[in-house]
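Dear colleague,

Please find below the structure that I am handing over to you. A summary of the findings follows it.

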Amino acid sequence: MAQRGEKGERVVLFLELKMLADVGLLAKPNAGKSTLISMCSAAKAKIADYPFTTVEPVLGVVQVGLSDFVMMEVPGLLEGASEGVGLGHEFLRHAERARLYVHILDGLSDDPVEDYRMINKEVEQFSSEMAEKPQLVVVNKLDVTEVREQKDELEARLLEAIGHRSNGVHFMSAATGEGVDTLMGKIVGALAELPKENVDDVPVAEPMHSRPQQATRREEVRRENGVYVVVSEAMERLTAFADTRDQRVLLQLWREMRRSGMADRLIDAGIEAGDTIRFGKVDIEWF
Ligand SMILES: Nc1nc2c(ncn2[C@@H]2O[C@H](COP(=O)(O)OP(=O)(O)OP(=O)(O)O)[C@@H](O)[C@H]2O)c(=O)[nH]1
Ligand SMILES: [Mg+2]
C-alpha cells in the first residue's frame, strides 16, 4: 500500500573523515615518505625535491609474505603543526587512528635529531594518546655518502634522544630500496604485538529508529450515531497516510481488515454496505 508517509525527523550532522591505516608515516616535508610508500606498495604518490609535494594523505597496502598492512603517508609536518601551521592539524588528524608510526628522518637534514624532537613535540601537543603509541624511528637517504659517513654518530645521538621508548634506529634508502625489506619485516613484527583496531571502540551515536510502534491500545469497534468507529492504532496509522479515494488502497485496506479480524468484528456489530466506518479522522464507506 503506497502511503504518504509519517512525519519524518530532520537532523544536522557534522561528519569528519578520518583515514584508517595500520601504520602512519610521520616526517617533515621532503623526508622521503612518498618514495617509501611507492617503493613498497602500489600507491602512486608524487615524488619531488620540494616540500609539500604530498598535500593529501596517501594510502598504500603493503604485502609482506602472507600478511599485509595499510600504510599512510601523512603530508609533511612543520613546527607548530599541532596548532595548525602548514595544515598540520588537518594532517595529524588523519594519522590519529594508526596503530603504529614510522617516524622518518631525512638523513640530509641539518639536524635529524632536532627534527625528531620537533615532530614528537607536535604529536604530543596534538594528542597524548597518539604520542603514547609505538614508533619505529627510521633515517632515510642512506645511499648518500655524507649520510652513510655520519651513520654511527647519528645513531648514537638518536638513541639518546629516543630514550626509554627505543626500538632502535633503522637506516634505509627509500630510493635504492636498501633496508626497506627489513623495515617492512619490523613493521609486521611490531603490528603483530599490537591490538587490532576495534571498530566497536569507536563511539557511535544511539541509532534512531523511526519504525512504527507496535499497537498498544486494545482494538475495538464502537457504534456512535450510526457510524462504526474503529479504535485501532494500527488501522488508524494505516489510513491516516493513505489515499483512501484510491480504489486499490481501499482494497488493500479491506484485505488488512480481513487479515486482522477487524472485518469480522464489524460484521458481528451489524455493519451493512453503505455504512460509514471511521478510523481516527478518516471516514470510509463499507462495501
Ligand atoms: N638520495 C635519496 N633521495 C631520496 C631518498 N628518498 C627520497 N629521496 C628524494 O627526496 C625528495 C623528496 O622525496 P619524497 O618521497 O617526495 O618526500 P616526501 O616526504 O613524500 O615529501 P613531501 O610529500 O613533500 O612531504 C625527492 O627528490 C626524492 O627523490 C633516498 O633514499 N635517497
Ligand atoms: Mg610526499
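This is a predicted model: local features need pLDDT of at least 70, side-chain atom pairs count only at pLDDT 80 or more; totals for chains, interfaces and linings use all residues.

Residues are numbered from 1 along each chain as its sequence is written, chains are lettered from A and ligands numbered from 1 in the order in which they are written, and side-chain values use heavy atoms, with hydrogens and water left out.

The secondary structure comprises 10 helices and 10 strands (DSSP runs numbered from the N terminus, helices being H or I with at least four residues and strands E with at least two). Of the 287 residues in the chain, 39% are buried (buried means under 20% relative accessible area, exposed over 50%, and partly exposed in between, with a 1.4 Å probe and protein chains only). Where contacts (heavy atoms within 4.5 Å) join residues at least 6 apart in sequence, 63% of them link residues at least 24 apart.

One open sheet has six strands in the order S2-S3-S1-S4-S5-S6, with mixed pairing (two strands pair if DSSP finds at least two bridges between them). Its edge strands are S2 (58–64) and S6 (169–171), each of which pairs on one side only. Strand S5 (residues 135–140) pairs with S6 in the parallel sense over three bridges, and Val138 stands opposite His170 in S6. Helix H7 (residues 180–193) lies across S1, S2, S3, S4, S5 and S6, running at about 105 degrees to S3 (axes are lines fitted to C-alpha atoms, for helices over the stretch in contact, and angles run from 0 to 180 degrees between N-to-C directions).

A second open sheet has four strands in the order S7-S8-S9-S10, also with mixed pairing. Strands S7 (220–224) and S10 (282–285) stand at its edges with a single partner strand each, so one side of each has no neighbour in the sheet. S7 and S8 (residues 227–231) run antiparallel and are joined by five bridges; Val221 stands opposite Val230 in S8.

Finally, which part of the chain holds Val11? Val11 is found in the segment before strand S1 (23–27), and this residue is partly exposed, with a relative accessible area of 45%.

Yours sincerely
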